[in-house]
Amino acid sequence: MKIRAVFYCTLLLFSFSCSEDTSSNDSSQEVFIKGADMSFLPLIEGEGTQYFNATNQSEDALITLKKAGCNTIRIRIWNNSPENLSSFTEVKALAQRVKNAGMKVWLCVHYSDTWADPGAQTIPAAWANLSFSDLKVAFANYTSTVVAEIKPDIIQIGNEINNGFMWPKADLATHESEFLELLSIASNTIRTQAPKTKIMLHYAGIGADASWFYNKMTIINYDYIGLSYYPIWHGKNLEEVKSTIITLGQTHNKKVIIAETSYPFTLGFNDWTNNILGTTDQIIPLFSATPLGQKAYLLALKEKIKETQQGFGFCYWGTEWVAFRGNQSTNGSPWENQSLWDFNNRALPAMAAFAE
């Protein structure tokens, strides 16, 4: 569904009129989010990989998560991926599977044709040469389409947008006003079209830098603060995670969710793709790189979130990213020792963290 010119102009007129005080932040009918990012699932299943539950029975990975207590599945979407990964068609089908399984859909819109994170926010190729005025129209139309067709329960406007997105058009360092204007356009598009859909802004990291970022977001109408927390990159102190949740939640009157986290069940590997994590200095000493250590980490993180009034959930990342192309593959998974299925694709004890 495309936004007509008159409708778009109306959205633009009000793009800076909504503040935090007018956000749809009533979570009285919601439940604590216990999420898992499963964006690779269509690719991995498509190449023949099977997943097994804890009793070693072949089972749909989504059903295994649902039975464990997972209530939300996060899915990334890319505008026009060269390899057709995380495409609109693929994501829409996966989202329907998630709904059929009785879980919520959390849509992570990268606004890129490929990975978007603090170090790379590449504007979609089809939008690269647009004027900013035309970019706003294309951006609003695309946002409208994914909301109308996929109907997510939660939507992220961008992924790990520490430094803005769609560089260089909306780089936070050099085009802050353009970045904020685009966020407002997306927010108002979503509010108008799907008022029950919760909106998240997502920052990678904790502490003072996260506070700096969200202080800039006060003109945006959104519901959830999303934070990535990985011990390898964001420190090894769970108390700092807790204090960040409290500070951000109180300052901005928002619910705070750990939108991405993970932990290894081994420092070993199961294919020849270089792993992100593999040494003891990259993990928290209290939690060993073992199946029980992975479980203990996730339970401890969940407990820190629940100790706050502002914490509202967590989402595991790389949940399904096993070594799906065989143990000799050099283009398989750099994350297989952090997934929630072991090297035999059997569900790990850490899934207990999804239980009540």
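**View 1. Tyr111 sits in the loop that links strand S3 (104-109) to H5.** This close-up comes from a predicted model, in which local features need pLDDT of at least 70, side-chain atom pairs count only at pLDDT 80 or more, and totals for chains, interfaces and linings use all residues. Residues are numbered from 1 along each chain as its sequence is written, and side-chain values use heavy atoms, with hydrogens and water left out. Helices (H or I, at least four residues) and strands (E, at least two) are DSSP runs numbered from the N terminus. Is Tyr111 buried or exposed? With 1% relative accessibility, Tyr111 counts as buried (under 20% relative accessible area; exposed is over 50%, partly exposed in between; 1.4 Å probe, protein chains only). Although Tyr111 is not a glycine, its phi is positive, at about 50 degrees.

**View 2. Ser86 and the Trp167-Pro168 peptide bond show two further backbone features.** Most residues other than glycine have a negative phi, and most peptide bonds are trans. Ser86 is not a glycine, yet it has a positive phi of about 50 degrees. You will find Ser86 in the loop between S2 and H4, and it is buried, with a relative accessible area of 1%. The bond leading from Trp167 to Pro168 is cis, its omega being near -5 degrees. Pro168 belongs to the loop between strand S5 (164-165) and strand S6 (170-171).

**View 3. Helix H3 (residues 61-68) has a buried side.** Which residues of H3 are buried? They are Ala61, Leu62, Thr64, Leu65 and Ala68. These residues lie on the same side of H3 because they cover an arc of only 160 degrees around its axis, the arc being that of the directions from the helix axis to the C-beta atoms. An α-helix has 3.6 residues a turn, so residues three or four places apart point the same way. The cover over the buried residues of H3 includes strand S1 (33-37), helix H2 (41-46), strand S2 (72-77) and helix H4 (88-100). At the start of H3, a side-chain oxygen of Asp60 comes within 2.9 Å of the backbone nitrogen of Leu62.

**View 4. Met38 is in the loop between S1 and H2.** Met38 is buried, at 0% relative accessibility. Setting aside residues up to four places away in sequence, Met38 touches Ala61, Leu62, Leu65, Ile73, Arg74, Leu94, Thr319, Glu320 and Trp341 (contact means heavy atoms within 4.5 Å). Met38 and Arg74 are 36 residues apart in sequence, and their C-alpha atoms are 6.3 Å apart in space.

**View 5. Helices H4 and H5 (residues 132-150) cross at roughly 35 degrees.** Their axes come within 10 Å, where axes are lines fitted to C-alpha atoms over the stretch in contact and angles run from 0 to 180 degrees between N-to-C directions. The crossing of H4 and H5 is right-handed, meaning that the near helix is turned clockwise from the far one by less than a right angle. From H4, Phe88, Val91, Lys92, Ala95 and Lys99 meet Thr145, Val146, Glu149 and Ile150 of H5. The residues of this contact divide into 5 nonpolar, 1 polar and 3 charged. Here Ala, Val, Leu, Ile, Met, Phe, Trp, Tyr, Cys and Pro count as nonpolar, Asp, Glu, Lys and Arg as charged, and the others, Gly among them, as polar.

View 6. Glu181 is buried, with a relative accessible area of 15%. Pro195, in the loop between H6 and strand S7 (198-204), is partly exposed at 49%.

**View 7. Trp272 meets a stretch that includes Ser329.** Trp272 lies in the loop between strand S9 (255-261) and helix H10 (291-306). Beyond its neighbours within four places in sequence, Trp272 contacts Asn327, Gln328, Ser329 and Thr330. The side chain of Trp272 reaches the backbone oxygen of Asn327 at 3.4 Å. Trp272 and Ser329 are 57 residues apart along the chain, with 5.3 Å between their C-alpha atoms.

**View 8. Asn337 lies in the segment after strand S10 (311-316).** Asn337 counts as buried, at 0% relative accessibility. Which backbone oxygen does the side chain of Asn337 reach at 3.2 Å? That oxygen belongs to Thr266. Not counting residues up to four places away in sequence, Asn337 touches several residues, including Tyr263, Phe265, Asn275 and Phe343.

Terms used
A polar contact is a pair of N or O atoms within 3.5 Å; within protein, one must be able to donate a hydrogen and the other to accept it, and residues adjacent in sequence count only if both atoms are side-chain atoms.
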